[in-house]
Amino acid sequence: MEKLPLALAYDLSKVVPYKTGSWRTLMPINIMQTPPCTNSCPAGNDIRGFLRVLAEKQDYEKAWHVLTRTNPLPATCGRVCPHPCEAGCNRRDFDTPLAINSAERAVGDYGLEYNLKHKKLISKRKEKVAVVGSGPAGLSCAFHLAKRGFQLKIYEANSEPGGWMRYGIPSYRLPNFILKQEIEKILELGIELECNVKIGVNIPMDNLTQHYNAVFLGLGAQMGTSIKIPGEDAQNVLTGVAFLKLINSGQIVEVGRNVIVVGGGNTAMDCARVAKRLGANVSVFYRRTRVEMPAITAEIDEAMEERIMFRYHTNPLKIITDEDRVVGLLCEQMELKEPDASGRARPVPIEGSGSVYPADTVIMATGQAVDYDGIEIQKQNDQWISTNENLMTSIDGVFAGGDAVLGLETVAVAIGQGLRAASAIEDYIEGNVESQLAPPPVIYSKDLNTYYYTHEKRFSKKAVSIHTRLKNFREIYPSIDHQEIIKEAERCFSCGLCFYCGNCYMYCPDNAVKISPSTGRYEFDLDFCKGCGLCAKECPCHYIQMTLEK
Amino acid sequence: MLKQIEGSQAVADVVALCRPNVISAYPITPQTHIVEDLALIVGQGKLDAEFVNVESEFTAASVVLGASAAGARTYTATSSQGLLLMAEVIYCIAGMRLPIVLTCANRAISAPLSIWNDQQDSMAVRDAGWIQLFAEDNQEAADLHIQAYKIAEQTFLPVMVCMDGFILTHAFEPVDIPEQKQVDDFLPPFKPKHTVDPNFPLGIGLYADPRFYMETRYILHRAMEKSESVIKEISADFAKTFGRDSGGFIKTYKLEEADVAIVSMGSVVGTIKDFIDQLEEEGKKVGLLQICSYRPFPRQEIYNVLKDKMNIVVLEKCISLGRGGILASDIRWSFPRAEKKDRNISSFIAGLGGRNITVNYLRDMVERVEKEPVELGFLGLKKELIAEEDL
Amino acid sequence: MNAKTEELNRVEKKDLFDSGHRACGGCAQALAARLVHDAAGKNTIACVATGCLEVFSAPYPDPCWRIPFLHSLFENPSAVAAGVEVAYKALKKGPVNIIAQAGDGSTADIGFQSISGMFERGHNVLYVCYDNEAYMNTGVQRSSFTPYGAWTSTTPMLNKTRKKNLPMIAADHGIPYVATATVDDFRDLQRKVKTALSIEGPKYIHILAPCPLGWGHSGELTVQISRLAKDTGLFPIFEIIDGKVTNVKKIPVKVPVEEYLKPQGRFRFLFKKGVPTEEVAEIQKIANQNIERFNL
């Protein structure tokens, strides 16, 4: 035993600390939880991840790689996605949600500007997969499989890839060159693309199933459907799909002075705004009210800003023609009754309310369907392709996703399906039983200690003035300032993941939170932690939680 | 250099020669002149030290505790109530093994209030772990301070130099104040063993649980016992350097041939010596044992000089109320129990609260013990002042 | 921000008051002591009073201190620190930071005289009071810092007196720097320690130190209780520089005292079946007076 020093005066450099860890009944642990943004992102983007990289390291390149782990089209989604992530953002209960969509666009644009390249995870495998359709679902599926080393070939019926993104979305929302560059990056993974080939017409389906280990159908829903009213066959009555395709193919369309767009979806909004840019007075006719409109809110807002007329409760009965040309639209007024099967209020006509509205062009944006020409496949409701939970169709080895399966959905949803299909296809080819780990639980506002966050103004993107924007088809939101986005990223709560605020480190009365010399992360020194729970209580993002001592 | 000066001045001068770095004290009669003189010495720049005027003796002791723990040579002085107010710190200083030197100008304890001399105050802290040295006269008081620093800094035990209030502190006597160089040669600079120093962090004053407390007290007790040799050695060294005997353990006066041995300490021994001389002329053989080091208590030395004495009388200026003589108890304890059952050890209390101890009282005491042993006697007690039932 | 401000605002973690002490879980005094000494840095001598801090931090042979530690008695850390200071001056050593420190009982009651002396004599010592509003080391007995309405083991019928206002008393000694702080705002606390140590002369910092055991709240709430003490106005945060109250911390959103009282067991008698008694109104009055006096 050590002899007692003079008056117990002890050399403090020789102290062997007394271990207080045994006092503990509860212990702190780090639990990475799913943030609500990611939980509400159909593409499953690691939103917290890329925002943290921006906030902590100001590293756009790394942020781009984080984002493109799930989504190969960030510049595109950053423009067209209705961003359900922002609706999920826990900051909504504090001040305003993060401008995630703008951040995504900034990161996507950075990737294009600096020509960043996707990296393959596995270099090469012999298995081949065919993807039919180069819309977001097909591109996403091909991208994820190509990264995993599979040999991919995409068949595209149109002359250019992109699907609805190329032929449906107008360029003031998504400039063609942006989409083109993002697709090129995907193809650079070694994906073969063949355009102007319609599977089922130019090449039989069987060919694909024979020559490829698996097939993914990302057919989209680009066939305009009619509501079957008299006069639909008149010369200047167009479906929304046809109208947008003409415009996006660079053709000149004479719409005349008065344009009526029928419908309340995104296609209707796009048609109306395009027609406005062609110089027409545009009205949108919709059977119900704004509340029931399926279009993205922002699109409706922007259409209104652009002085497009909205006529609600208005149902077209007949197209009035003079010879072959439309001159007007006969409509009746509707009133809303109890909801129908879709959950929306059911419109019922008001007797004797018919009136005629003058029109030089009528665009029927009332519905879209899959073009099944030459493809025999099991469907549900005669409309959308049926798949099992792994997105496999009735044909063995043939998978499907995107609008053709879901009905009309967003780009992000299609990208998410592409990713899911890619995993399912990989499992199918490898003969694995698909085993998905349940994602960690979602973290909500009530779990956060928001004391440590400060109220900060949300980034808002600046639109070109309405006067200017209506003159052309240029993008209405010009480029986004990278510095401002970094400031915006700093607003991220980092729900469920440490963001190095240092509270645990500074507040531990036992000095039992250390910085790991190897990882630089905070770690608990369980030799000394007494389990008081102060760190967990003061952890802003709920990354630290208390659990029963083992 | 021989100077006709007040005892307090002598002590102040000598303390200054010991070059303390920090002096802190609170005024109390009869200690005041010592610290006033030191304040002047420091104020005049004759001594490079920090003089800290504090708001209590408790703080004075605490300040020198802190200063000593920071490596300074320190000094404080007090008396009576002041020492009692310090008591908590007094114990602490010893337990922390800080070589502090304190002058106790011995004075009675309240109540009733008395500013006059006895030795009850230092007796109250005799068990604290301080070396207690009692001065006979002002020369010895001065000399003991020089020795005290050397003893304290060798043993890491605090030293209390006790000198009778007024009788010594306020008396003018010729005192030889040494030269600075003599003191510097005799007393090397303080080399602390444990200090608060950020370059070498120590934990001083740690808490001891039952696993360690008893050992620390045992070690302190052993340190007190072991200081006996240091005290003797330094006293001998002092005699060699300065040419006079001062301090040490015990001194005797005409004891060898004595039939009656008087044991006492402090300034009263001067009176006793005169009295012994008187008795000698009358043909009576009375001798003196003077205790200089009360703590550590020189039991063996005492035994050696008293072992053949069959009639011993202890005279002291303090009392353990409800028990009797304090020094007497210590003396009685100095003899193995089985030895010489017919040895008489009498105990007398005298001089409490400044009551004079006259030769007549001493004569009365000796005559009484020659007849029979006295368990507990009081010299000069005025029975006429005491109610019948209290006698 | 200039270099000096940056230095003052930097958060310090130096492990000078390290793991291995025996404080209860969630002890604010342990936390405060760590923050204080990490801010002060290595060139510091800690002079500590007997009390919780000394007992849990400095048992032989495994004290948690990594800077020189000196303990003597309950009521004398300020005098001991003064002694260390004069010794350094006399020995021409230093400069060194000297921090005398104690709980509220030592500071406000038994050591009050020593502190007053240390202030008045002008020693270059920082005195830190960890105020947990009762004698916690001996089992929650009342001190003169115990607030109105609190239960302690020696005020079983609740304390009827108000806290002694030591920051003001300290300031009236004419010392150059006085501040109050809480552990929840560690940046502010450490800035005050550094500011104090940059000033020559006696300094006083009063830190509220919630005691989970004595106050009857769970250890995890220590930071939040500290914050509530501020946000109710019961513990005003300010500095007094050369006698002038300054840098008063404004309360962002004023909180009724009930929210501070309710999570604490020592105030449980102030609510009868959840309904506040008259004492709560009295405590609210105290808070309001503080709010008015310091313009919180």
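Let me begin with strand β1 of chain A, residues 10-11, which is joined to β9 of chain B by two bridges, the two strands running antiparallel. Helices (H or I, at least four residues) and strands (E, at least two) are DSSP runs numbered from the N terminus, and two strands count as paired if DSSP finds at least two bridges between them. In this pairing, A:Asp11 stands opposite B:Leu202 of β9(B). Please keep in mind that this is a predicted model, in which local features need pLDDT of at least 70 and side-chain atom pairs count only at pLDDT 80 or more, while totals for chains, interfaces and linings use all residues. Residues are numbered from 1 along each chain as its sequence is written, and chains are lettered from A, with ligands numbered from 1, in the order in which they are written.

Now to the contact between these two chains, where two residues are in contact if their C-beta atoms, placed from the backbone, lie within 7 Å. Chain B brings 16 residues to the contact and chain A brings nine. On the chain B side, the elements giving two or more residues are β9 (202-204) and α8 (213-242). That side of chain B divides into nine nonpolar, four polar and three charged residues, where Ala, Val, Leu, Ile, Met, Phe, Trp, Tyr, Cys and Pro count as nonpolar, Asp, Glu, Lys and Arg as charged, and the others, Gly among them, as polar.

Staying with chain A, strands β13 (residues 325-339) and β14 (residues 345-349) pair in the antiparallel sense over five bridges. A:Leu336 has A:Pro347 in β14(A) as its bridge partner. The two strands form a hairpin with five residues between them, and A:Gly343 in the turn has a positive phi of about 90°.

What does chain C contain in the way of helices and strands? Chain C holds twelve helices and ten strands.

Finally, helix α10 of chain C, residues 222-231, is mostly covered, with nine of its ten residues buried, including C:Val223, C:Ile225 and C:Leu228. After α10(C) comes C:Gly233, whose phi is positive, near 95°.

Note on methods: A residue is buried if 20 or more other C-beta atoms lie within 10 Å of its own, exposed if 12 or fewer, and partly exposed in between; C-beta atoms are placed from the backbone.
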